[in-house]
Amino acid sequence: MRRIGKLYFRYGTMGSAKTALLLTMAYNFEERGMAYICLKPVTDTRESKNVIRSRIGIERECKWIYQDTNLYELFSHMHREGGMLPEWLLVDEAQFLSSSQVDQLASIVDEYGCNVVCYGLRTDFKTHLFEGSRRLFEIADSIEEVKSTCTCGRKTTVNARIDSKGRIVTEGKQVEIGGNDKYVAVCRRCWSNRRIESLSKGSLPFESE
C-alpha cells in the first residue's frame with residue numbers, strides 16, 4: 001500500500017523553541033526505530049559542522065542544503081540506490097529555502113509518500129515574508145504556529161533586529177545570522193512603537209516600558 005505523506009510548516013519567532021521541537025521529534029523517531037533525515041540550509045552559518053543545535057543544548061547531525069541543492073533529485077537518488085527511504089524529513093530554518101526547493105519537498109511528499117516537516121521563521125526583521133516561508137504558506141498541507149510571549153504579555157510576531165547597544169535596527173539586508181545578540185522577539189505593538197521612536201528620535205534603546 002502506498003504511503004500518503006504531508007507537507008507541514010511550523011513557524012514561530014526566534015526563541016519559540018522550534019528547533020527544540022524538531023530535535024524532540026527526531027529523538028522520538030529514534031526511540032521507535034523510524035527512519036528520518038534532518039536537513040538544514042547552509043545559510044545558517046552559526047555551526048561549523050553539519051548539526052542542528054537547540055538553544056537548550058541538544059543537537060542532531062544533519063545534511064546541508066545548499067542554494068543549488070535539488071532536494072527531489074537527492075531523495076530520488078536515495079531511492080535508486082535501494083536503501084531504506086526515510087518516512088520523515090525534518091527541515092530546520094526553512095525560511096532560507098528557495099521557492100523551488102519547497103516545491104521539490106512537495107514533490108517528495110506527493111510521489112514518495114514521505115512526510116516533510118519544515119520549521120522556520122515567518123518574516124524578517126522588517127516583517128516581510130521570507131521566500132521559503134511564503135511558498136510554504138502557499139502549498140503546505142498543514143500550517144501551525146509555535147507561539148511565544150512578548151515581555152508585555154502579548155504573542156510575539158516580529159523578530160526585531162538590534163545593534164550592540166540594544167537599539168532597534170530598521171534597515172539592512174534581509175539575512176543577517178545571529179542569536180540573542182542581534183534579535184529579540186516582540187509583539188507587533190511593541191515593535192511598532194519602538195520603530196516609530198527609532199526613526200523619529202535617532203534609534204532609542206530598545207527597552208520595555
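Among contacts in the protein chain between residues at least 6 apart in sequence, 72% join residues that are at least 24 apart. The model from which this value is computed is a predicted one. Of the 209 residues of the chain, 46% count as buried, and the accessible surface comes to about 11,200 Å², with 47% of that area belonging to carbon and sulfur atoms. Five helices and eleven strands are assigned in the chain.

Six of the strands make up an open sheet with parallel pairing, in which the strand order is 5-2-6-7-1-8. The edges of this sheet are taken by strand 5 (63-65) and strand 8 (142-145), each of which has a single partner strand, so that one side of each is left without a neighbour in the sheet. On average, and with direction ignored, neighbouring strands of the sheet are turned by 20° against each other. Within the sheet, strand 1 (residues 7-11) and strand 7 (residues 115-120) run parallel and are joined by five bridges, with F9 standing opposite C118 of strand 7. Helix 4 (residues 131-139) lies across strand 1, strand 7 and strand 8, and runs at about 125° to strand 1.

A separate set of pairings involves strand 9 (residues 158-162), which is joined to strand 11 (residues 183-186) by four bridges in an antiparallel arrangement, and to strand 10 (residues 168-169) by two bridges, likewise antiparallel. In the pairing with strand 11, the bridge partner of N159 is A185, whereas in strand 10 V169 is the bridge partner of R161. Strand 9 and strand 10 form a hairpin with five residues between them, and G166 in the turn has a positive phi of about 80°. In a regular strand the side chains alternate between the two faces of the sheet. In strand 9 both faces are covered, since V158, A160 and I162 on one side and N159 and R161 on the other are all buried; five of the five residues of this strand are thus counted as buried.

In helix 1 (residues 18-32), T19 has a relative accessibility of 15% and therefore counts as buried, the cut-off for this class being under 20%. When neighbours within four places in sequence are left aside, T19 is in contact with I52, R53, S54 and D92. The C-alpha atoms of T19 and V91 are 9.4 Å apart in space, although the two residues are 72 residues apart in sequence.

How values were computed: Residues are numbered from 1 along each chain as its sequence is written. This is a predicted model: local features need pLDDT of at least 70, side-chain atom pairs count only at pLDDT 80 or more; totals for chains, interfaces and linings use all residues. Side-chain values use heavy atoms; hydrogens and water are left out. Two strands pair if DSSP finds at least two bridges between them. Axes are lines fitted to C-alpha atoms, for helices over the stretch in contact, and angles run from 0 to 180 degrees between N-to-C directions. Contact means heavy atoms within 4.5 Å. Buried means under 20% relative accessible area, exposed over 50%, partly exposed in between (1.4 Å probe, protein chains only). Accessible areas come from the Shrake-Rupley method with a 1.4 Å probe; for residues, only the protein chains shown count as cover.
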